[in-house]
Amino acid sequence: MKSKKKKRQDDFQKVKLKVGKTKPKADNATNTNFRSKGIHLTEQLKRDPSCPTTHRQLGINELLSQLHHHNANVKHSALVGLRELLSVHPSLLEQHLSRLLSEVAAVFTDKDGNVRVASIRVLRFIAQSVPAERVAPFYPVLSAHLSCAMTHIEASIQGDAMKVLDVLLEHYPALLAARPAVLLTNFLELISHKQNSGNAKKSQDSKGRTWALSVNLSRAVTSQQWRLSVLLRLGRFLQAVVEERPGEESDIFIPTDGAFSFSGEGKLTPLYLNWEELIYSKVGVKVYEHSGAKPSPQSTFRLRAEVNSGPAVGEDLDSSEAVQSFAATLVPLLLEVWVEASTSDCPWNTTEGAHLLSPDAMSVMFQVLFILQLLRKLAPQREHQDALDAWFYKEYLKDFKQHFMKNFPYGSRDTPRHKKKVDLKRSKQTAAVPGLTVEPLALNITLCQVMVSLSQRQVLGRETDGDWLTPLRTFVRDTLGSGVKLTYRQLHMLLGTVWRMVFTQKSKTVTDDLLAAVYIYYQQRHLTLQTRSLLLSFYSKLYLQEQGHAHIARSKVLCRWLASLPVQLSQLGQRNPALSARLILSIQAAASRKQKDLLNSLQTHACMLYDPQEGVMVLLPVESQQRMVQLLYFLPKMSPSLLANLSHCCTAGRISAALSASLIRIVHFRSSLSGWSVGSQEAALQDADYISFLFSTLTGFSSDKLASLQEAGDALPPSPLSPLSLYPTSLEQFTHHWDVVEEVCHCLETLGSKSQCFDILQNGICKYLTKLGVVPDSMAAGLLRAVSRLLDLSVLPVEAVLRFLSQCCLSLLALLITLEQELPGQTNHKREAIWGACVSALSSVPRLLRMVLQSMRVGDLSEEELPQLGRILSMLLQHTPIHNQLLANAALLQEIIQHLTRYTRGTTREQWLTDLLYCYTVTVAHGASARRGNLSLRDMY
């Protein structure tokens with residue numbers, strides 16, 4: 001019996017589906033029949049109203065976190081939001097500066113170009129708002145990301161890295177210049193590549209060059225445009241390194257005191273201190289840097305130990321070896337760029353028109369020369385720069401002459417312009433390169449400066465560099481002498497070139513040739529103040545170098561320029577005070593060296609310069625006025641007309657009293673009466689002219705002015721109490737004249753014989769002043785002061801002078817009473833000076849008090865004048881120094897008081913009369929007991 005076979009169950013059974021039946025569920029089907037409840041955390045959804053947000057309601061933390069998003073659009077919108085938030089709320093910069101800089105710098109290397117552009121905009125906004133000292137702690141982060149962007153494999157990222165560098169160079173040049181080594185290497189890698197070291201023998205040329213220019217075909221711009229872009233940034237970076245060095249002269253754009261210096265004369269040497277060595281040293285270090293009244297803005301004192309950086313490029317480029325190492329790598333590359341640019345537009349196998357360049361080629365070549373200029377200035381000290389120049393001369397002079405001088409001077413190529421359809425893509429590529437329009441003149445001038453800087457000092461009788469310096473000298477001479485319009489920088493560079501040529505070639509012919517061209521440019525009209533000052537500085541410093549340089553001392557052009565300075569100063573006047581000050585400095589420097597041509601010209605135009613109305617002496621500021629006064633010491637002769645002008649300058653109040661005193665003192669020293677001389681210097685004026693100058697200054701008014709005062713109606717009317725009609729002067733004018741009188745009296749007292757001086761003074765008073773009816777109060781007080789100081793009892797004043805002085809004294813006393821009535825409680829220098837002059841004269845001049853008392857005619861006085869006379873007498877009686885003189889005239893004084901008592905009407909005695917009688921009683925009673933019987937005193941006074 002056969003057994004039944006079991007049916008085997010297959011692994012994958014096919015399910016038969018029947019129409020109309022429900023499809024069976026799968027074994028792994030998920031049961032979705034479940035319910036869930038939402039969890040609402042309301043506190044997390046609330047926003048802090050105090051935190052600032054953008055218009056999209058995003059705070060700074062959300063925006064910074066979005067910079068890590070993978071989507072480029074999210075990062076771009078986050079950067080735009082950051083700029084919006086920071087512009088509205090600047091306080092966030094201080095709070096989140098560290099995070100902002102690190103997060104924004106991290107996207108310098110982002111793949112998306114829009115993100116990089118937005119990050120640069122945010123960085124520029126931060127740089128405009130935050131100073132360098134706040135960014136300094138975070139600069140290493142910025143520098144690291146900048147280096148990553150500059151060395152990135154993507155060409156577009158490298159191009160945007162240049163824009164980041166532009167922002168940092170504009171706002172933080174000192175931070176970039178502090179550690180230049182890494183960035184300099186990055187610049188080299190942007191335009192070149194290091195050749196394979198495995199094949200060193202083939203890769204290195206005869207001079208051991210291991211770097212070669214690189215070409216990247218994937219860039220959006222041409223290789224020449226890319227190199228121009230890199231060289232522009234490299235030039236700005238090297239310029240920042242040079243300018244940020246303490247104590248270094250940076251004469252690229254701004255002239256300094258050492259702008260035209262060839263040797264180390266006048267330079268301050270930086271002081272390097274090693275504190276480890278000085279701790280146990282007994283020798284102290286004295287530092288006088290900021291001890292003066294005007295400290296220098298840039299100190300040359302450095303607290304830094306010397307570090308040997310070796311032959312490689314140092315971190316700070318503080319050694320000449322480091323600068324030479326970097327220059328040895330960069331200069332060959334610059335020469336390759338030059339050759340490539342100079343031959344890019346020239347047809348093959350032709351030399352015609354080789355000196356004509358396209359604008360792009362000219363810009364590239366200009367940057368090459370500009371960087372070579374800056375390489376020279378990287379030397380840390382002056383002696384290092386001389387050694388660096390010698391190294392350039394030895395290593396690269398042949399190459400420079402071969403490439404730079406081959407087609408010199410260069411010109412621009414005229415390219416015909418055709419109307420073409422605008423290619424937007426091409427225009428965008430061209431705009432990607434920063435434009436620098438360079439004219440052929442700027443290129444040629446820069447080339448002259450670079451080449452002349454390599455010239456060595458000529459040995460007598462042998463010209464080693466004459467073959468290639470001749471075309472440069474011809475170009476400089478033609479440029480300056482043709483009248484072409486030069487910018488300030490171009491002129492500064494040309495003058496520096498002339499300076500170098502003058503001191504290297506040491507030829508009188510060359511010197512006169514170049515200085516004549518400079519003088520032609522100097523004579524142009526409508527030059528700016530900056531340009532004119534630069535030319536004056538050039539000539540002045542060149543003249544100061546004449547000692548020891550015979551070819552400069554015998555220059556006819558320099559003598560002609562010096563002789564023209566006084567004329568220019570008189571014509572310029574106050575139209576340009578700064579330029580006039582520069583002219584005066586130049587004149588003073590030449591006058592102190594007794595330059596004959598200048599002194600003769602100064603003598604000729606002295607009256608015009610020291611004119612009291614329109615001369616530069618009274619029109620310029622105080623500093624220039626002081627120098628003009630000092631120039632008087634160097635004048636060979638002082639004519640009477642010049643002395644008259646100087647006297648008017650002193651008395652007119654156009655210059656200060658102290659400056660007037662200095663002027664009088666200088667004139668005094670230049671006269672033979674002073675007994676003071678230096679060397680073989682002769683007296684500049686005659687004795688009679690000097691005495692006339694002092695007398696005119698003492699009076700304070702010219703003869704014409706005194707004559708006009710006699711007819712004017714501004715003076716106080718005369719009266720019995722005031723015999724003279726006094727012309728009132730202001731307090732300022734009176735004080736000024738009083739100080740001048742003191743200086744004049746001092747000069748007269750030092751002349752020797754006091755009696756002769758007084759005799760001359762009284763002769764002048766008798767001849768010119770005694771007939772005046774109107775006298776200024778300042779002149780009257782000054783005369784009384786001078787007479788009392790110069791009086792010698794061996795010479796008694798004549799009757800006419802004594803009468804005039806008594807009238808002045810009585811009129812001044814009456815004026816004094818009037819001033820006291822107008823301002824009773826106020827002290828006034830004018831009142832004190834008048835009272836002192838009157839009392840001093842009354843106590844010292846014989847018979848003056850008697851004549852004053854005799855002029856007091858009580859019967860001619862009005863009722864209002866009686867109290868004034870009483871107060872005058874009371875003041876005199878109360879003054880102790882003139883008691884002896886009053887006692888000598890006691891009878892006359894008693895008669896005046898009796899007349900006053902008789903003419904005073906009223907039942908009651910007035911107070912002024914009571915005071916007068918009391919003072920008279922006390923004075924006469926005390927004096928009669930003390931000096932009874934002194935007949936000699938009575939006869940004198």
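Student: Which residue lies over the face of Tyr522?

Tutor: Look for a charged side chain whose end sits above a ring. This is a predicted model, so read each value as computed from it. Here Arg532 lies over the face of Tyr522. The distance to the ring centre is 5.3 Å.

Student: Where does the charged end of Arg670 sit?

Tutor: Over the ring of Tyr633. The distance to the centre of that ring is 5.8 Å.

Student: Let's turn to rings with rings. How many aromatic pairs does the count come to?

Tutor: The count comes to 19 aromatic pairs. Take Trp499 and Phe503 as the worked case. Their centres are 4.9 Å apart. The planes make an angle of 40°.

Student: What do I call that geometry?

Tutor: Use the angle. Under 30 degrees is stacked, over 60 is edge-to-face, and the rest is tilted. With 40° between the planes, Trp499 and Phe503 are tilted.

Student: Why are Trp499 and Phe503 separated by about one helical turn?

Tutor: Because they are four residues apart in helix 21, which covers residues 488-505.

Student: Are Trp499 and Phe503 buried or exposed?

Tutor: Trp499 is buried, and Phe503 is buried too.

Student: Which residues form one aromatic cluster?

Tutor: Trp338, Trp391, Phe392, Tyr396, Phe400, Phe404 and Tyr410.

Student: Then show me the core. What is the general idea?

Tutor: In soluble globular proteins, nonpolar side chains tend to be buried together. In this model, the largest nonpolar core has 279 residues. Leu375 and Leu472 touch the most other members. Helix 38, residues 799-822, gives the most to this core, with 14 residues.

Student: Now salt bridges. How many does the structure hold?

Tutor: It holds 19 salt bridges. Start with Glu743 and Arg665, which meet at 3.2 Å, N to O. Glu743 is in helix 35, residues 731-749, and Arg665 is in helix 32, residues 657-669. The pair links distant parts of the chain, 78 residues apart.

Student: Is Glu743 buried or exposed?

Tutor: Buried, because its relative accessibility is 10% and the cut-off for buried is under 20%. Arg665 has a relative accessible area of 32%, so Arg665 is partly exposed.

Student: What is the distance, N to O, between Glu742 and Arg789?

Tutor: It is 2.6 Å. Glu742 lies in helix 35 and Arg789 in helix 37, residues 777-790, so this bridge ties together parts 47 residues apart in sequence. Glu742 is partly exposed at 24%. Arg789 is buried at 18%.

Student: Which residues are linked with Glu742 and Arg789 in a network of salt bridges?

Tutor: Glu749 and Arg785.

Student: What about Asp777 and Lys830?

Tutor: Their side chains meet in a salt bridge at 2.8 Å, N to O. Asp777 lies in helix 37 and Lys830 in helix 39, residues 829-844, so the pair ties together parts 53 residues apart in sequence. Asp777 is buried, with a relative accessible area of 0%. Lys830 is buried too, at 9%.

Student: Give me a loop residue. Where is Ser855 found?

Tutor: In the loop between helix 40 (848-854) and helix 41 (865-878). At 19% relative accessibility, Ser855 counts as buried, because the cut-off is under 20%. Leaving aside neighbours within four places in sequence, Ser855 is in contact with Pro720 and Leu810.

Student: Last, the whole chain. What does its secondary structure come to?

Tutor: It comes to 45 helices and eight strands. Of the 941 residues, 47% are buried. Among contacts with a separation of 6 or more, 74% join residues 24 or more positions apart. The chain exposes about 50,000 Å², and carbon and sulfur atoms supply 52% of that.

Conventions:
Residues are numbered from 1 along each chain as its sequence is written. This is a predicted model: local features need pLDDT of at least 70, side-chain atom pairs count only at pLDDT 80 or more; totals for chains, interfaces and linings use all residues. Side-chain values use heavy atoms; hydrogens and water are left out. A nonpolar core is a set of buried Ala, Val, Leu, Ile, Met, Phe, Trp, Tyr and Cys residues joined through side-chain atoms within 4.5 Å. Buried means under 20% relative accessible area, exposed over 50%, partly exposed in between (1.4 Å probe, protein chains only). Helices (H or I, at least four residues) and strands (E, at least two) are DSSP runs, numbered from the N terminus. Contact means heavy atoms within 4.5 Å. Rings of Phe, Tyr and Trp (its six-membered ring) pair if their centres lie within 6.5 Å; planes under 30 degrees apart count as stacked, over 60 as edge-to-face and the rest as tilted. A charge sits over a ring if NZ of Lys or CZ of Arg is within 6 Å of the ring centre and within 35 degrees of the ring normal. A salt bridge is a side-chain nitrogen of Lys or Arg within 4 Å of a carboxyl oxygen of Asp or Glu. Accessible areas come from the Shrake-Rupley method with a 1.4 Å probe; for residues, only the protein chains shown count as cover.
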